[in-house]
Amino acid sequence: MNRESSAYTIIYSVVMVVIVALGLAFTHQVLIDRQTANENIDKMQQILRSLNINASTSEAQERYAELIQDAYLIDSEGRKVEGTEGTTPDDLAFSTELEDPAAAGIPVYEAEVDGSVKYVIPMSGTGLWGSIWGYLAVESDGSAIYGAEFDHAGETPGLGAEIADTPFKSRFQGKELFRDGQFRSIAVVKPGRSVANRDYVDGISGGTITSQGVDNMLLQSVGKYRNFLENLNAANR
Amino acid sequence: MALLSSKTKAVLLGPLNKNNPVIVQVLGICSALAVTSKLEPSLVMAIAVVLVTAFANVIISLLRKSIPNRIRIIVQLVVVAALVTIVSEVLKAFAYDVNKQLSVFVGLIVTNCILMGRLEAFALGNGPWPSFLDGIGNGLGYGWILVVVGFFRELLGSGTLMDIQVVPEAFYNAGYENNGLMMLAPMAILLVACIIWVHRSRNKELQEETN
């Protein structure tokens with residue numbers, strides 16, 4: 001058959017694409033279990049970091065099982081959705097994404113550190129170049145921040161990417177989500193500026209858009225937990 | 001030895017030195033700057049590129065008599081993209097942390113000029129065995145530059161190697177500080193330039209004529 005004819009070219013490309021697709025699908029199927037396990041461990045490490053614990057990959061699962069006492073979904077009223085409790089990666093509370101509109105609720109992770117209960121809630125938003133996300137560990141009064149964890153898909157190294165570094169994350173410790181009984185969240189401001197009626201932390205110099213993204217994420221994502229946090233605040237004040 | 005005649009030896013070893021893709025042909029610079037802030041990702045990237053160039057070269061060389069000329073670039077791209085996807089999947093499964101550090105640059109191996117260059121210039125006109133050696137040679141030629149740059153950037157920028165502290169605490173107490181500039185991309189290009197400088201001064205025939 002003539003190598004330059006159109007029929008040959010078309011058949012050749014069809015066969016090639018089918019073979020490549022089968023090969024890739026097979027590779028993916030073989031490796032998917034290990035990949036999911038890695039992603040789960042990564043998520044556990046992030047949740048642990050929000051509790052100010054740096055766990056290595058090998059010890060993350062053990063530490064997670066030790067600290068996280070309960071995990072569940074809550075509905076928009078801030079009430080626990082029955083039947084969603086469970087701390088293992090197979091349970092709904094672990095696998096549910098914050099942004100999933102079809103989910104039964106939004107996840108809360110309950111941790112016990114040194115005898116006191118902390119509530120870890122996920123956050124997700126947008127930075128300058130792509131998505132940013134994180135976890136916020138809140139004290140049992142639903143207001144004071146115990147620890148924060150941020151990560152990003154691809155913010156500028158040395159500028160916006162610094163939201164994932166300890167100096168920025170540690171600024172959140174001890175800040176209050178509530179001011180005068182009202183949910184205000186925490187603002188991220190330009191270094192040196194201040195805001196009047198809510199707690200704030202300094203943003204990243206040169207990472208203005210990323211800082212605004214974090215600010216927005218703290219308002220939007222944490223805002224979804226407003227009722228839950230208000231309930232906690234009313235019960236434990 | 002029949003396995004490595006003088007010609008195949010040149011194919012394998014040439015890219016390590018006088019025909020180096022990075023410091024002589026100045027290809028693949030983008031990823032060389034981006035992934036070399038630490039030694040470990042540099043090593044993983046180097047291994048990934050060696051594997052992809054070698055196997056892409058072999059596959060294209062085996063197919064070279066059947067590929068329709070009109071779509072040969074597309075065929076090359078599909079082969080390279082498939083191999084890169086496999087490498088990326090394997091990294092996600094077995095080296096998740098490194099994969100996170102390399103982020104998009106594993107995927108961007110597809111666009112690495114070294115690969116397409118070798119496929120077009122070598123694999124389409126040579127048998128599988130020399131093509132395999134050519135791929136290994138060019139991958140290693142790219143890789144050793146990455147490793148050298150990664151070594152110095154991590155050592156001087158973080159005081160660590162493979163994330164193990166090597167600069168003793170006493171140095172820091174005596175006033176030594178890590179050079180933050182090393183972590184930024186401009187320092188990588190300066191280091192590559194230094195390697196080119198040393199290489200050119202040792203191989204005078206590579207120096208351009210000046211008036």
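1. A compact globule of 237 residues would come out near 18 Å, but chain A has 22 Å. Note also that this is a predicted model.

2. Chain B passes the globule test. For 211 residues the rule gives a radius near 17 Å, and chain B, at 19 Å, agrees with it. Its C-alpha atoms fill a box of roughly 65 × 50 × 35 Å along the principal axes.

3. What is the order of elements in chain B, from the N terminus on? The run is α-α-α-α-α-α-α-α-β-β-α-α. That makes 10 helices and two strands.

4. Next, burial and contacts. In chain A, 44% of the 237 residues are buried. In chain B, buried residues make up 47% of the 211. Now take contacts between residues at least 6 apart in sequence. In chain A, 50% of these join residues at least 24 apart. In chain B, residues 24 or more positions apart account for 74% of them.

5. The surfaces deserve a line each. Chain A exposes about 11,700 Å², and carbon and sulfur atoms supply 50% of that area. Chain B has an accessible surface of about 10,300 Å², of which 68% belongs to carbon and sulfur atoms.

6. Charges come next. Chain A carries 19 positive and 33 negative charges, and their mean positions are 7 Å apart. Chain B has 15 positive and 12 negative side chains. In chain B the centres of the two sets lie 13 Å apart.

7. How many disulfides does the structure hold over all chains? The count is zero. A disulfide is a covalent bond between the sulfur atoms of two cysteines. The cut-off matters here: the two sulfur atoms must be within 2.5 Å. B:Cys30 counts as exposed, at 54% relative accessibility. B:Cys113 is partly exposed, at 42%.

8. Is A:Asp151 buried or exposed? A:Asp151 is buried, because its relative accessible area is 13% and the cut-off for buried is under 20%. The residue lies in strand E5 of chain A, which covers residues 145–152. Leave aside neighbours within four places in sequence. A:Asp151 is then in contact with A:Gln46, A:Ile132, A:Trp133, A:Ile163 and A:Ala164, and with B:Lys100 of chain B.

9. Last, a loop residue. A:Ser56 is found between helix H1 (6–50) and helix H2 (60–67) of chain A. A:Ser56 is partly exposed, with a relative accessible area of 34%. From A:Ser56 to A:Pro167 is 111 residues in sequence. In space the two are 20 Å apart, C-alpha to C-alpha.

Note on methods: Residues numbered from 1 in each chain as written. Chains lettered and ligands numbered in written order. Predicted model: local features only at pLDDT ≥ 70, side-chain atom pairs only at ≥ 80, totals over all residues. Heavy atoms only, no water. Rg over C-alpha atoms; globule rule 2.2 N^0.38 Å. Buried < 20%, exposed > 50% of the residue type's maximum accessible area, 1.4 Å probe, protein only. Contact = heavy atoms within 4.5 Å. Areas by Shrake-Rupley, 256 points an atom, 1.4 Å probe, with all protein chains shown as cover. Lys, Arg positive; Asp, Glu negative; His and termini not counted. Charge placed at Lys NZ, Arg CZ, Asp CG, Glu CD. Helix = DSSP H or I, 4+ residues; strand = E, 2+ residues; numbered from the N terminus.
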